[in-house]
Amino acid sequence: MKMPKTIEPSMFAPCGMNCMVCYKHCYHKKPCAGCLNSDQGKPEHCRRCRIKDCVQAKGFDYCFACTEYPCHQIKNLEKSYKERCETSLMENSKVVKERGIEAFLRQQRERYLCPRCGGVISLHDAECSECQYMLREKNKNSDLKKIPGVGK
C-alpha cells in the first residue's frame, strides 16, 4: 500500500492509534477503513474493541475527551504499545489535543513514509508494506529494535 498524500482524520482511533500504519491496514488486499468507520475488513479484536465501544457510548470522538482519561484500558494498551512498538498512544493523543489532528497526521505521514518506495511502514513490525524495507530489525526475542542510523 502506498502512503496517501494526506491521511484521513478518520484513521485516528479514539485510543490514539493511527490506523493507517496498523499492520492489518497495510497488508490486506481489502484494508480496514479505520476504527471510526465500518467494521468491514477489521480483525476480530478491533471489531470487539471495548475502548471504541466506551467512547461511542459516552459520545466522544477520542478517549482524551473523557474525564476518566487515562482509564485502565488505555493504560494497559499504552504499556503494550510502548514495549512492543516503541510508540506512545497517549503521546499521540496529546499531540492531537494540543496541535490538532491535521498536524498530527502530517507528522505521522513523515514518520511512516518509506524512504525507498513511498509505501507505508507498519507501526507493528516496522516493515514497508510495498518493498519490505525494515525501519527496525527484530532481535532474537522477536522484539523490534531500531537499526542504527535509520529512521527517526
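Keep in mind that the model is predicted.

Let's start with Asn92, which sits in helix H5, a stretch running over residues 89–99. What does its side chain reach? The side chain of Asn92 gets to the backbone oxygen of Gly16, at 2.8 Å. If you skip the neighbours within four places in sequence, Asn92 is in contact with Phe12, Gly16, Phe104 and Gln108.

Now for the greasy parts. In soluble globular proteins, nonpolar side chains tend to be buried together. Here, the largest nonpolar core has 30 residues, and the ones touching the most other members are Cys15, Met17 and Leu123. Helices H3 (50–58), H4 (72–85), H5 and H6 (101–112) are the elements that each give two or more residues to this core. H6 supplies the largest share, with 4 residues.

Take a closer look at Cys15. Leaving out its neighbours within four places in sequence, Cys15 is in contact with Ile51, Cys63, Ile74, Leu77, Leu89 and Ser93. Another core, made of 6 residues, lies apart from the largest one, and its members include Cys114, Ile121, Ala126 and Cys128.

**Salt bridges**

How many salt bridges are there? The count comes to 4.

| Glu44 | Arg47 | 2.3 Å |

Glu44 and Arg47 both belong to helix H2 (residues 44–47), where they are 3 residues apart, or about one turn of the helix. Are these residues buried, partly exposed or exposed? Glu44 is partly exposed, at 40% relative accessibility, and Arg47 is partly exposed too, at 35%. Arg48 has a relative accessible area of 57%, so Arg48 is exposed.

Glu68 is exposed, with a relative accessible area of 52%, whereas Lys58 is partly exposed at 36%. Finally, which residues are joined into one network? Through salt bridges that share partners, Glu44, Arg47 and Arg48 are.

Conventions: Residues numbered from 1 in each chain as written. Predicted model: local features only at pLDDT ≥ 70, side-chain atom pairs only at ≥ 80, totals over all residues. Heavy atoms only, no water. Polar contact = N/O pair within 3.5 Å; in protein donor to acceptor, adjacent residues only side chain to side chain. Contact = heavy atoms within 4.5 Å. Core = buried A, V, L, I, M, F, W, Y, C linked by side-chain atoms within 4.5 Å. Buried < 20%, exposed > 50% of the residue type's maximum accessible area, 1.4 Å probe, protein only. Salt bridge = Lys/Arg side-chain N within 4 Å of Asp/Glu carboxyl O.
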